[in-house]
Amino acid sequence: MAKRNIVITGGAGFIGSHVVRLFVNKYPEYNIINLDKLTYAGNLANLKDIEDKPNYKFVKMDICDFEAFYQLMQDEKIDGIIHLAAESHVDRSIKDPFTFAKTNVMGTLSLLQAAKLYWESQPEPYKMVHNYQQSSEPEFIEGNSDSCHIDRLSDQSVDCRFYHISTDEVYGALKMNHPEGIEPPFKTVASSEGHKAYGDEFFYETTKYNPHSPYSASKASSDHFVRAYHDTYGMPTIVTNCSNNYGPYQFPEKLIPLFINNIRHRKPLPVYGKGENVRDWLYVEDHARAIDIIFHNGKIAETYNIGGFNEWKNIDLIKVMIKTVDRILGNPEGHSLDLITYVTDRLGHDARYAIDSTKLQQELGWEPSLQFEEGIEKTVRWYLDNQEWMDNITSGEYEKYYEEMYHSNGKLKTEN
Ligand code: NAD
Ligand code: DAU
């Protein structure tokens, strides 16, 4: 296996920490640099188990700092970037869109430009294809470490690539024309057996972008910049769009960890609207595994959708969480159902997301490994067993956030 110097941005966050862990453990010959600003969502405690590994290094840096990143590219001779750093919470984007544009758009552009300048300045092994013609088919060289749309001028060619992690939310919202749910087979080939879909359309790689929230608009914009760097400068880029992730180390502003924590503390569960919105849930380690496969074997300039074939209405998912937490804590069945509190809906709340990841399955052999029942059990147990991790991040700033997001706007009563 070739030696590589890879930057993973946002490695102290939820998904990033799973990707860093996977790469550090699986590729001891790679140098893995975790670049993270450590915003409220970044937490080095997510990586305690690997922080002393010789092939791991943490660098505290803002992705918007072009000079610092360009210097890092030079100092560490970076030949691969897996870009996850972002502002990621839709509710926060509704309150503060500027921060999302700055980090997600300008931050991504800053990384792209620094990588371009550095890779272009390198001798042969790093050279990229120039004068890429949009009308012509790029020449792909298939196979593991050689599958890159860059000039292979010597046997030591390094497969530099800029891999941008994005979201299914860029596609907008799907119609929920089967609110009662329909059984497979769906239009997609790779449907999950025995699981329902709530409409007959899915997000495909070809689906037109139609983002609705400031978060998804900022991610859509960053995706466009990444593709533009390929089409204009020949930068070896890949984009993937994934559905909702769940699992350990997720910041408790997102539905699943927030609700597990609230059930444990007998706090109200703020269900937006009628709880009928549908999300497609994927266990985070399956996403990390897909990122590994795509980083190594994905075709340059391609887009891959990553999803769980696992649609759930929020309210049904919430009931599964309640049942699981109650069972594990030894509460009688149904004990925590009274915590469900319907509150004002999220502005512009997308009705349904459902990814078709058939392309990834057929071209690169990836599919989700965990059934949802197993994944949610593991997840609930992890949060209940790691109360200290949760307590550390739910004090101080988090209390202010919670107050502002759920109490001062009248969603929940303050005495709760
Ligand atoms: P997260 O909010 O848990 O983590 C984001 C990380 O980025 C944090 O460690 C934070 O400190 C870091 N960061 C933020 N701004 C930064 C900056 N300016 N410079 C450097 N670091 C910065 O996010 P997540 O849920 O792990 O999502 C990771 C990526 O995956 C994001 O790009 C997100 O859009 C995408 N994504 C997330 C999901 C999901 O369900 N969570 C699904 C699909 C795609
Ligand atoms: O689809 C991928 C996206 O999934 C990622 O790109 C985002 O980074 C990630 O945050 C997630 O976005 P969602 O908005 O779908 O996730 P969230 O956990 O915030 O909400 C899931 C659903 O639960 C959504 O329909 C809103 C609802 N919800 C959420 C919260 C926080 C509630 O009903 N109450 C809540 O308090």
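A: Let's start with Ile-82, which touches Ile-6, Ile-8, Val-19, Tyr-163, Ile-291 and Phe-295, leaving out residues up to four places away in sequence. Touching, or being in contact, is defined by C-beta atoms, placed from the backbone, that lie within 7 Å. The model is predicted, so local features need pLDDT of at least 70 and side-chain atom pairs count only at pLDDT 80 or more, while totals for chains, interfaces and linings use all residues. Residues are numbered from 1 along each chain as its sequence is written, and chains are lettered from A and ligands numbered from 1 in the order in which they are written.

Ile-82 belongs to the largest nonpolar core, which has 90 residues; Ile-82 is listed with Ile-8, Val-19, Ala-115, Phe-259 and Met-321 as having the most contacts inside it. Such a core is a set of buried Ala, Val, Leu, Ile, Met, Phe, Trp, Tyr and Cys residues joined through C-beta atoms within 7 Å. Buried means that 20 or more other C-beta atoms lie within 10 Å of a residue's own, exposed means 12 or fewer, and partly exposed falls in between, again with C-beta atoms placed from the backbone. In soluble globular proteins, nonpolar side chains tend to be buried together.

Ala-115 leads us to helix α4, where it is one of the buried residues, along with others including Phe-100, Leu-111, Tyr-118 and Trp-119. Helices (H or I, at least four residues) and strands (E, at least two) are DSSP runs numbered from the N terminus. The cover over the buried residues of α4 includes β1 (4-9), α2 (66-76), β4 (80-83), α3 (90-95), β5 (161-167) and α5 (214-233). With 25 residues (97-121) at 1.5 Å a residue, α4 should span 36 Å, which agrees with the 35 Å between its end C-alpha atoms; the expected span is 1.5 Å times one less than the number of residues. Helix α4 also bends by about 25° at Met-106, the bend being the angle between axes fitted to the seven residues ending there and the seven starting there.

Ligand 1 is surrounded by 30 residues, with Gly-10, Gly-13, Lys-37, Gly-42 and Ala-86 the closest; a residue is near a molecule if its C-beta atom, placed from the backbone, lies within 6 Å of it. The largest share of this shell, three residues, is from α1. Ligand 2 has 19 residues around it, and Ser-88, Thr-167, Lys-254, Leu-255 and Tyr-272 come nearest. Its shell draws at least two residues each from α6 (255-264) and β8 (269-272).

One last stop is the loop between β7 (244-246) and α6, which holds Tyr-249. Tyr-249 has a positive phi of about 70° although it is not a glycine. Most residues other than glycine have a negative phi. Tyr-249 is buried, because 23 other C-beta atoms lie within 10 Å. Phe-309, in the loop between β10 (303-306) and β11 (311-313), likewise has a positive phi, of about 45°. Phe-309 is buried too, with 27 other C-beta atoms within 10 Å.

Technical notes: Two residues are in contact if their C-beta atoms, placed from the backbone, lie within 7 Å.
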